[in-house]
Amino acid sequence: MPNLTLLGAVTDGLKTAMSGDDSVLVFGEDVGKKGGVFLATGGLQAEFGKERCFDTPLSEDGIIGCAIGMAMNGMKPVAEIQFQDFIFPAFDQIVSEAAKLRYRSGGQYTAPMVIRTPYGGGIRGGLYHSQSGEAYFCHTPGLKVVIPSTPHDAKGLLIASIEDPDPVLFLEPKALYRSVKGEVPEGHYTVDLSTCRTVREGSDVTVFCYGAMVPVVEKAAAQAEEKGISLHIVDLRTLLPLDEEGVIEAAKKTGRVITVTEAPRFCGYAGEISAIIAERCIEYMEAPVMRVTGFDTPFPNTLEHHYLPDARRVIDAVEKVTAF
Amino acid sequence: MTMTQPRSILTPDGVSADFDPKMSDDEIMHCYRTMRLVRAFDDICLKLQRSGRIGFSIPNLGIEACQVGAAAALRKDDWIFPSYRDFGMALYHGVDPLDMMNNMFGNANDNAVGRQMPVHFSFVDPIHFVSISSPLGTHIPQAVGAAYAMQQRGEDKVALTSFGDGSTSTLGFHSGMLFAGVWKSPVIFLCQNNGYAISLPAHEQTASEDYAIKGKAYGVPAIKVDGNDLFAVREAVAEAAERARAGEGPTLIEAVTFRMGGHSTSDDPTVYVPNEEVEEWKQKDPIDRFERFLRDKGMIDDDKIEATKADCLAEIDKAAKAAAAVGPPALETIFTDVYAELPDHLRAQGAAAFDLAKRLGDAAAGDGAFPL
């Protein structure tokens with residue numbers, strides 16, 4: 001089985017989807033000849049031609065609006081937004097159009113499409129190349145939101161997203177693009193959307209996370225082990241619709257829960273996990289349900305290592321919930 | 001693209017039939033030195049980036065005349081809404097290279113307090129050079145708004161907004177042109193068509209015959225000029241400023257130029273720019289051309305050129321060394337400037353962050369105690 005980076009797995013997933021289905025189109029800014037600013041679409045134009053992998057003018061609104069029309073009319077668009085931070089001109093098309101088309105037309109029209117975009121910090125990208133905007137989109141009924149954290153999942157979830165009948169925002173943790181490697185099956189396979197993944201079995205504290213926070217929590221688990229604390233780690237990997245039963249089961253298992261996100265805290269995704277637990281299994285909790293998150297500030301540049309949750313911040317929370 | 005030829009003043013050889021530059025010799029030499037300063041800043045930043053001292057830089061090789069020519073037509077009380085490839089405008093008006101280097105290093109003395117990526121400058125003095133945003137085109141309608149305020153107060157100032165060919169595809173360009181046309185705003189839209197928006201060639205960005213023609217649909221008069229001819233850019237901006245100050249509304253200027261380097265230090269342009277195209281534009285290098293003009297006028301010679309280069313490099317190098325010696329911003333700067341007043345939840349988050357840093361022994365020098 002090839003050993004690929006997460007970035008390589010994305011490229012492989014795109015290639016596999018394009019090989020298997022002529023209606024799959026890949027487009028966005030600089031994705032053609034250049035192969036994308038992170039090279040996620042490298043080689044696709046050479047292999048599949050300019051009709052199926054192409055550069056667009058510099059308009060996110062145009063990219064997503066056109067993708068919706070293509071999707072309505074039988075194509076499978078996989079649009080790239082260069083950085084998630086640049087997605088907002090297309091917010092209207094995503095939130096008001098793609099996500100609501102099926103509902104407002106009583107199912108007559110649909111927009112099965114994928115929007116791929118790198119998100120998150122850790123590359124010294126400052127305010128506009130670092131943000132984690134998943135919460136904006138998870139507040140959007142009709143949209144699916146997927147975030148892989150391993151090469152295997154990146155390919156399997158991407159193909160599943162492309163084959164899904166609904167619009168999917170596929171957020172790629174750019175900090176992991178080249179920093180994680182793993183075995184990726186050749187050819188076609190899918191990882192079911194809306195299923196969470198147990199990263200590590202543990203018995204003392206359940207930690208929910210996704211994207212670039214998964215390796216951070218894994219590192220924390222190794223450190224916690226030395227202190228005699230066993231972390232049970234769950235990678236949510238589809239944020240919307242969430243595998244709620246999987247979350248409840250994992251939360252009940254230890255009775256102590258922490259959710260780790262790099263996004264700001266207020267109205268963030270971690271708050272949703274806390275709320276679900278509060279509503280559905282509070283009686284199983286042995287300690288307050290905690291959040292370890294980015295701060296409620298814009299994303300800094302020089303001090304990003306203070307902004308981004310690290311293993312030490314996770315351990316700090318672990319110690320709080322175990323001492324309770 | 002075919003269509004109308006851009007207006008030039010200098011010939012490619014840098015000479016010109018008699019023309020009135022409407023600048024003193026001192027001003028002309030200041031333009032020259034500023035272009036050399038931009039190039040020196042680029043050269044040193046590239047070295048700093050390649051050696052890992054700074055994370056990122058945006059090169060300006062080939063477009064120095066656009067920036068400096070435009071700036072030379074503005075007054076210090078005008079406002080500039082720049083793109084990330086415009087810092088020559090700030091240098092022209094007297095921004096200290098040290099202030100720029102502090103931003104490149106994101107240190108404690110950075111105006112943007114280490115929050116922005118390098119090259120995302122912000123100055124209010126000696127000219128309003130408005131804080132640069134990475135999202136494209138967003139600043140274009142903002143310039144129109146600032147101009148509206150100037151108009152309302154009866155001031156004769158102008159707002160110049162500068163952007164590349166790619167940004168003409170943004171919502172911001174459309175909205176800005178639309179509003180300025182309707183309001184007859186004292187705005188100058190400077191589109192620096194530098195050939196490529198990252199990898200997309202200008203002729204694939206639009207089906208319009210050129211960028212200047214886009215003014216027509218918005219009722220905004222437009223002109224296309226040779227962007228490698230400092231005098232042509234300066235003259236077009238000066239004419240636009242004169243019209244704006246006289247209450248005659250906005251102008252769109254397309255300055256045709258060429259980015260001879262990558263989009264940024266993260267970009268490899270050899271993947272998408274044919275070498276012949278770079279070679280062709282090297283012959284039109286705006287600084288070389290300006291030097292030919294200055295030589296022709298007897299204003300410089302080889303010694304003066306070498307002395308200017310060395311002097312500019314020394315000035316930038318000195319700034320880089322000074323900026324490198326300054327430490328990072330203090331931890332609490334993550335939490336300040338989010339709002340005018342620090343709200344309770346940020347005070348609590350800041351206090352917790354500082355407490356943790358202290359317990360873990362990694363509070364950096366300069367980190368103060370919370371609460372702020």
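Predicted model: local features only at pLDDT ≥ 70, side-chain atom pairs only at ≥ 80, totals over all residues.
I start with a pair of helices in chain A. Helix α3 (residues 60–72) of chain A packs against helix α4 (residues 91–98) of chain A at an angle of about 25°, and their axes are 8 Å apart. Since angles under 35 degrees count as roughly parallel, α3(A) is therefore roughly parallel to α4(A). From α3(A), the residues in the contact are A:D61, A:I64, A:G65 and A:I68, and from α4(A) they are A:Q93, A:I94, A:E97 and A:A98. Sorted by class, this contact has 4 nonpolar, 2 polar and 2 charged residues.

Next, the domains. Chain A is divided into domain 1 (3–183) and domain 2 (197–323). Their C-alpha centres lie 26 Å apart. How many residues of domain 1 of chain A are in contact with domain 2 of chain A? There are 26, and they meet 24 residues of domain 2 of chain A. On the domain 1 side, α6 (134–138), β6 (144–146), α7 (151–163) and β7 (168–173) of chain A each supply at least two residues. That side divides into 14 nonpolar, 8 polar and 4 charged residues.

Now the sheets. One open sheet in chain A has 7 strands in the order β3-β2-β4-β5-β7-β6-β12, with mixed pairing. Its edge strands, β3 (53–55) and β12 (238–240) of chain A, each pair on one side only. On average, neighbouring strands in this sheet are turned by 20° against each other, direction ignored. Within the sheet, strand β5 (residues 114–119) of chain A runs parallel to β7(A), and 6 bridges join them. A:P118 stands opposite A:E172 in β7(A). Helix α7(A) lies across β2 (24–28), β4 (76–80), β5, β6 and β7 of chain A, and runs at about 160° to β7(A).

Another open sheet in chain A has 5 strands, ordered β9-β11-β10-β13-β14, again with mixed pairing. Here the edge strands are β9 (197–200) and β14 (290–294) of chain A, each pairing on one side only. β9(A) and strand β11 (residues 231–235) of chain A pair in the antiparallel sense over 3 bridges, and A:R200 stands opposite A:I233 in β11(A).

Which helices lie across strands of this sheet? One is α10(A), which lies across β10 (205–209), β13 (257–264) and β14 of chain A and runs at about 155° to β13(A). Another is helix α12 (residues 311–323) of chain A, lying across β10, β11, β13 and β14 of chain A, at about 165° to β14(A).

α10(A) also packs against a helix. Helix α9 (residues 244–254) of chain A meets helix α10 (residues 269–280) of chain A at an angle of about 70°, with axes 10 Å apart. The two are therefore roughly perpendicular to each other. A:E244, A:V247, A:I248 and A:A251 in α9(A) meet A:I273, A:I276, A:I277 and A:R280 in α10(A). This contact has 6 nonpolar, no polar and 2 charged residues.

Last, the two chains. In chain B, 37 residues are in contact with 32 residues of chain A. On the chain B side, α7 (202–205) and α13 (344–359) of chain B each supply at least two residues. α13(B) gives the most, with 5 residues. By class, that side has 19 nonpolar, 16 polar and 2 charged residues.

Note on methods. Residues numbered from 1 in each chain as written. Chains lettered and ligands numbered in written order. Contact = placed C-beta atoms within 7 Å. Helix = DSSP H or I, 4+ residues; strand = E, 2+ residues; numbered from the N terminus. Nonpolar A, V, L, I, M, F, W, Y, C, P; charged D, E, K, R; others polar. Domains from an automatic or database assignment. Pairing = 2+ DSSP bridges. Axes fitted to C-alpha atoms, helices over the stretch in contact; angles between N-to-C directions. Parallel < 35°, antiparallel > 145°, perpendicular 65-115°, else oblique.
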